[in-house]
Amino acid sequence: MSRLILFLLLLALSGLLLWHLLRGDEATAINVAEGTPNFEVRAEPMRLQSSMECAACHAEVVREWQDSWHSRAYTDPEVQALSKGFQDKDCLPCHLPRPVLETGLSLRPLERDRRHDEGVDCFTCHFAPEANSMIGRGPLGAGARTAPCQPQESAIIGSLGLCAPCHNQHKVHEEWKQTSYALEGANYKDCNDCHMPQILRASGVVGRSHRYPGAHDTDILRRAATLAAETESDGAVQLVVSNTGAGHNFPTDERHRAVDLEATFVGKDGSRVSRRVDRYRNPYRTEFEVRNLLRSVGAERDYQISLASLGSVDVHVKRVAPVGHPVQTTVAYPESTQIPAGESRRYKVFLPPAVESVTFRLYYRTQPFQTDADAVLLHEATVHAR
């Protein structure tokens, strides 16, 4: 029996050797992930081991990536604190990912056990493991065939499929698909248009920025939403907060993002009282006390805010249908108070007689416990009582 097994093993090895010799340098088509183009299998194994080695040919791109929060996805002190040093293992696959194409575009990536300081690195999006090759948008130059990354062109690099395995963990991709930006036509915009804008590099090459502006970019945050306030003829203040610029909910993605609408009321006696008027956020799973009371477009509610010696403020708020976007039909998190693309929250604020003026401020917080001093002030507006 042992001789038979040995014979079969030698036969299999001989067949494998013969196949390799006949194959030569010619490539074999494989399908790395369902729905993606076929790649060619490179004969040589990948020689690159670190994203920093990519800088030899792509210095500008690597510098952009080093300046991004992708590169700090694991080392960012805030992420470390919120995950308790990644004791929450569920966070690792997206903060320290292996190549997305290793598991495919429909599954979350696996976490890697090395190069922690590189976070979401070049290999995450550009490496096709089964092909022994890095992939790029192209066109490739004359020296591509001898480059150490053994590159080949693939349209998958411009696909949202590379973003979804991590960024659709909290349904961001699903949110985008329910906006007008996802409709083919003149107004079409996808993740790349905002988060990987085209740039002209010093080398003279036009490419996509690898800085990935997002939650840590003040300009892109301020373009995402607007705040408008005015005093009406009846003395009440009309206040409108709108998601006018984001192609997804505002704020979005991670549960610890929060946007607060705050107000500082100034009394006729010069006293000042600050209060939170509302919070837009997808709460943690353990925050059972958080309830979304505006679950559908057109929903309204009334509440009151105490200002101590200045009296009380009566507030009426309505969830207003999106302008220029379809109404969001899929609700992944019913208790979320995020503002979907195009939607508004319209407030009517009734000031007590003792209040002279009020200043409204919209703060973006990367985590819900962040102080005003550390948060980003997006917009503010001051109105006076009649």
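**Exercise 1.** How much space lies in the second largest pocket? Determine also which residues and elements line this pocket.

*Solution.* The model is predicted, with local features requiring pLDDT of at least 70 and side-chain atom pairs counting only at pLDDT 80 or more, while totals for chains, interfaces and linings use all residues. Residues are numbered from 1 along each chain as its sequence is written, and side-chain values use heavy atoms, without hydrogens and water.

Step 1. A pocket is an open set of points on a 1 Å grid over the protein atoms alone, with protein on both sides within 12 Å along at least five of seven lines; a cavity is a set where a 1.4 Å probe fits but cannot get out; lining residues have an atom within 4 Å of a point. Grid points are joined across faces, edges and corners, and a volume is the space filled by probe spheres set on the points.

Step 2. The second largest pocket holds about 600 Å³. Its lining comprises 33 residues, and Asn 292, Glu 335, Ser 336, Thr 337 and Gln 338 lie nearest its centre.

Step 3. Helix H8 (172–177), strand S11 (272–280) and strand S14 (344–350) each give two or more residues to this lining. S11 gives the most, with five residues. Helices (H or I, at least four residues) and strands (E, at least two) are DSSP runs numbered from the N terminus.

Step 4. By class, the lining has eleven nonpolar, eight polar and 14 charged residues. Here Ala, Val, Leu, Ile, Met, Phe, Trp, Tyr, Cys and Pro count as nonpolar, Asp, Glu, Lys and Arg as charged, and the others, Gly among them, as polar.

**Exercise 2.** Find how many cavities of 30 Å³ or more the whole structure contains, and describe the lining of the largest cavity.

*Solution.* Step 1. The search finds one such cavity.

Step 1. The lining residues divide into four nonpolar, six polar and two charged.

**Exercise 3.** In what order do the five strands of the open sheet stand? Locate S9 within the sheet.

*Solution.* Step 1. The order is S8-S9-S14-S13-S12, with antiparallel pairing; two strands pair if DSSP finds at least two bridges between them. Strand S8 (225–231) and strand S12 (300–306) are at the edges with a single partner strand each, so one side of each has no neighbour in the sheet. The twist from one strand to the next averages 20°, with axes as lines fitted to C-alpha atoms (for helices over the stretch in contact) and angles from 0 to 180 degrees between N-to-C directions.

Step 1. Seven bridges pair S8 with strand S9 (residues 237–243); Thr 231 is bridged to Val 237, and Leu 227 to Val 241. The two strands form a hairpin with five residues between them, where Gly 235 in the turn has a positive phi of about 90°.

Step 2. S9 is joined to S14 by six bridges, and Leu 239 has Tyr 347 as its bridge partner. Six of the seven residues of S9 are buried, so this strand is largely enclosed by the rest of the structure. Buried means under 20% relative accessible area, exposed over 50%, and partly exposed in between (1.4 Å probe, protein chains only).
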